Amino acid sequence: MSKCSCNCNCDSAPRLIFPCSGASDTGELTDRAARKMTQDGIGSMACLAGIGGQVNGIVLSAEAAGSLMAIDGCPLNCAKKTLEHAGLKNILHIQLTELGLLKGQSRISEDNIDLVKEKGKQLLEEVCI
């Protein structure tokens, strides 16, 4: 897991990443970036459907996490809204539109996946929740 630069001991709790994984090119990019962040030890991809379905263990894990990140592929912000609807707070948020990746116009490429991954890494390094 990536180390936090502050002295808050937030490294002891997991950093959970919830991609929207929506049915578009940008949805796929959120999913692939979250998987790459997990592989690289930046955080751990978690199940957004479990949050929406109020699966007790998944919600409890999110409540206990050191950081929560929602990655949305479009301005509808479904991932972030799902976490908020479950009562979760202090959600770090990436919206691919803000990175110049537009729904229906974004290639699934290593460069685009890395762009999202690096933004997520940057946010997690800047904040200890």
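**Strands, cores and cysteines**

Trainee: Let's start with a pair in the sheet. Which residue in strand 3 does arginine 15 stand opposite?

Mentor: This is a predicted model, so keep that in mind. Strand 1 (residues 15-19) and strand 3 run parallel and are joined by five bridges. In strand 3, the residue opposite arginine 15 is serine 67.

Trainee: What about strand 4: which residue there is the bridge partner of alanine 70?

Mentor: Strand 3 also pairs with strand 4 (residues 91-95), in the parallel sense and over five bridges. Look along strand 4 for the partner of alanine 70, and you land on histidine 93.

Trainee: In what order do the four strands sit in the open sheet?

Mentor: Strand 2 (44-45) and strand 4 are the edge strands, each pairing on one side only. Strand 3 has pairings with strand 1 and with strand 4. Put together, the parallel sheet has the order 2-1-3-4.

Trainee: How many of the residues in strand 3 are buried?

Mentor: Check one side and then the other. Ser67, Met69 and Ile71 are buried on one side, and Leu68, Ala70 and Asp72 are buried on the other. For strand 3 (residues 67-72), that makes six of six.

Trainee: Which elements give two or more residues to the largest nonpolar core?

Mentor: That core has 16 residues, and Met37, Met69 and Ile94 are among those with the most contacts inside it. The elements giving two or more residues are helix 1 (25-39), strand 3, strand 4 and helix 5.

Trainee: How many residues does the second, separate core have?

Mentor: Start from methionine 69, in the largest core. Its contacts include Leu16, Phe18, Met37 and Leu124. The second core is separate, includes Ala46, Ala62, Ala65 and Ala86, and has a residue count of 15.

Trainee: Is asparagine 112 buried or exposed?

Mentor: Asparagine 112 is found in helix 5 (residues 110-126), and it touches Leu29, Leu101, Ser106 and Arg107, leaving aside residues up to four places away in sequence. The cut-off for buried is under 20% relative accessible area. At 16%, asparagine 112 counts as buried.

Trainee: How many disulfides does a search of the whole structure find?

Mentor: Take cysteine 20, which is partly exposed at 21%. Its closest cysteine sulfur is in cysteine 74, 6.6 Å away, too far for a bond, because a disulfide needs the two sulfur atoms within 2.5 Å. Across the whole structure, the number of disulfides found is zero.

Notes
Residues numbered from 1 in each chain as written. Predicted model: local features only at pLDDT ≥ 70, side-chain atom pairs only at ≥ 80, totals over all residues. Heavy atoms only, no water. Buried < 20%, exposed > 50% of the residue type's maximum accessible area, 1.4 Å probe, protein only. Contact = heavy atoms within 4.5 Å. Pairing = 2+ DSSP bridges. Core = buried A, V, L, I, M, F, W, Y, C linked by side-chain atoms within 4.5 Å.
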